[in-house]
Amino acid sequence: MRWWEFQRVERQQQLLATMLDRLAIEPIQLIRFNRGNGLRDAADQCMRCFESDRCERWLANVPIAALPPDFCRNRETFHRLVSQRMLVPPLATKEESPNKK
């Protein structure tokens, strides 16, 4: 692998991590998605993306987002993960449990 390929891998990985952060998606959600292939699939899509500069600008200007940008190759995956989070209430802790005695 040439030096510029290493730089690209590192950049795309950082963009993916920042996108997850902006969308409030926990890495474990992505890891578990698509029968355990979510992270690999998302990283692969990022590596195939030619919108890195646009992605970087979007991430720099959006501190927290509800939905991924239209140009993102992982848009459908991220949208599903965000939707799942919004539809499923968080698990109650022992202190919050309605069956607490």
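**Ser 52**

I began with Ser 52, which sits in helix α4; I took helices as DSSP runs of H or I with at least four residues, and strands as E runs of at least two, numbered from the N terminus. The model is a predicted one, in which local features need pLDDT of at least 70 and side-chain atom pairs count only at pLDDT 80 or more, while totals for chains, interfaces and linings use all residues. Residues are numbered from 1 along each chain as its sequence is written, and side-chain values use heavy atoms, with hydrogens and water left out.

Is Ser 52 buried or exposed? Ser 52 counts as buried because its relative accessibility is 6%, where buried means under 20% relative accessible area, exposed over 50%, and partly exposed in between, with a 1.4 Å probe and protein chains only.

I then looked up the partners of Ser 52, and found that its side chain makes a polar contact of 2.6 Å with the side chain of Gln 12. A polar contact here is a pair of N or O atoms within 3.5 Å, of which, within protein, one must be able to donate a hydrogen and the other to accept it; residues adjacent in sequence count only if both atoms are side-chain atoms. With neighbours within four places in sequence left aside, Ser 52 is in contact (heavy atoms within 4.5 Å) with Arg 8, Arg 11, Gln 12 and Leu 15. For Arg 8 I noted a separation from Ser 52 of 44 residues in sequence and of 9.5 Å in space, C-alpha to C-alpha.

**Whole protein**

I recorded 5 helices and 0 strands, in the order α-α-α-α-α from the N terminus. Of the 101 residues in the protein, 29% are buried. Among contacts between residues at least 6 apart in sequence, 70% join residues at least 24 apart.

**Cavity**

I found 1 cavity of 30 Å³ or more, counting as a cavity a set of points on a 1 Å grid over the protein atoms alone where a 1.4 Å probe fits but cannot get out, with lining residues having an atom within 4 Å of a point. The largest cavity holds about 120 Å³ of space, a volume being the space filled by probe spheres set on grid points that are joined across faces, edges and corners. Its lining has 14 residues, of which Cys 46, Cys 49, Cys 55, Cys 72 and Asn 74 are the closest to its centre.

Which helix gives the most to the lining of the largest cavity? I noted that α1 does, with 4 residues, and that α1 (3-22), α3 (38-47) and α4 (52-61) each supply at least two.

**Positive phi**

Ala 24 is in the loop between α1 and α2 (27-36), and is partly exposed because its relative accessible area is 42%. Arg 35 also has a positive phi, of about 55°, but lies in helix α2, and Arg 35 counts as exposed because its relative accessible area is 77%.

Methods:
1 Å grid on protein atoms, 1.4 Å probe; cavity = no way out; pocket = protein on both sides within 12 Å on 5 of 7 lines; lining within 4 Å.
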